[in-house]
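Hi,

Here is the structure I promised to pass on. Have a look at it first, and then read my notes below.

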Amino acid sequence: MKIGELSKISGVSVRMLRYYEEQGLLQPSRTAAGYRDFNQQEIRTLERIKLLSAAGMNLNTILEFLPCVRGNALVFEPCDELIELLHAQIKQVDKKAAELAASRRVLMGFLDEIDGS
DNA sequence: TTTCTTACA
DNA sequence: TGTAAGTA
């Protein structure tokens, strides 16, 4: 199917779809006119990309992780060499959580000042 | 009308 | 990421 159609059904912008291809996450074939032609496989891959994005991965780590995800569920192939990548991701999430907690403390501080005045 | 590439904000 | 330009 054409990029516009895929964009509509997937909710992913045409811009992003082209970017995903540029980054090697998607490899749609081309029509005679040079239009990208997405098949069922690309659609499935896109769903995985969305799943991995929800996990907070950037495109590069998704690219490494992609071959180890099956279907739309969190089912992984025996890619043991990637458990390290998983730990790294969790570490990043923890870091962000800490930063958010810090922001929360600052906000709470503002509120206390207002209440205090 | 839709898509393509390249490039700027 | 969105958008603009000039095509096919």
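**What sits around the DNA**

Around DNA strand C you'll find Ser 13, Arg 15, Met 16 and Tyr 35. Bear in mind that this is a predicted model. By class, the residues of this surface split into two nonpolar, one polar and one charged. Of the atoms of DNA strand C within 4 Å of the protein, 32% belong to sugar or phosphate, and the rest belong to bases. Two contacts here are worth a look.

DNA strand B is surrounded by Lys 2, Ile 3, Gly 4, Glu 5, Arg 18, Arg 30, Gly 34, Tyr 35 and Arg 36. Sugar and phosphate make up 84% of the atoms of DNA strand B that come within 4 Å of the protein. Five of the residues of this surface are charged, two are polar and two are nonpolar. Helix H1, residues 3-10, gives the most to it, with three residues.

Which atoms of Gly 4 and Arg 30 come up against phosphate oxygens of DNA strand B? For Gly 4 it is a backbone N or O atom, at 2.6 Å; for Arg 30 it is a polar side-chain atom, at 3.0 Å. Tyr 35 goes to a base instead: a polar atom of its side chain lies 3.0 Å from a base oxygen of DNA strand B. Tyr 35 is also listed among the residues around DNA strand C.

Cheers

Methods: Residues are numbered from 1 along each chain as its sequence is written. Chains are lettered from A and ligands numbered from 1 in the order in which they are written. This is a predicted model: local features need pLDDT of at least 70, side-chain atom pairs count only at pLDDT 80 or more; totals for chains, interfaces and linings use all residues. Side-chain values use heavy atoms; hydrogens and water are left out. A residue is near a molecule or strand if one of its heavy atoms lies within 4 Å of it. A polar contact is a pair of N or O atoms within 3.5 Å; within protein, one must be able to donate a hydrogen and the other to accept it, and residues adjacent in sequence count only if both atoms are side-chain atoms. Helices (H or I, at least four residues) and strands (E, at least two) are DSSP runs, numbered from the N terminus. Ala, Val, Leu, Ile, Met, Phe, Trp, Tyr, Cys and Pro count as nonpolar, Asp, Glu, Lys and Arg as charged, and the others, Gly among them, as polar.
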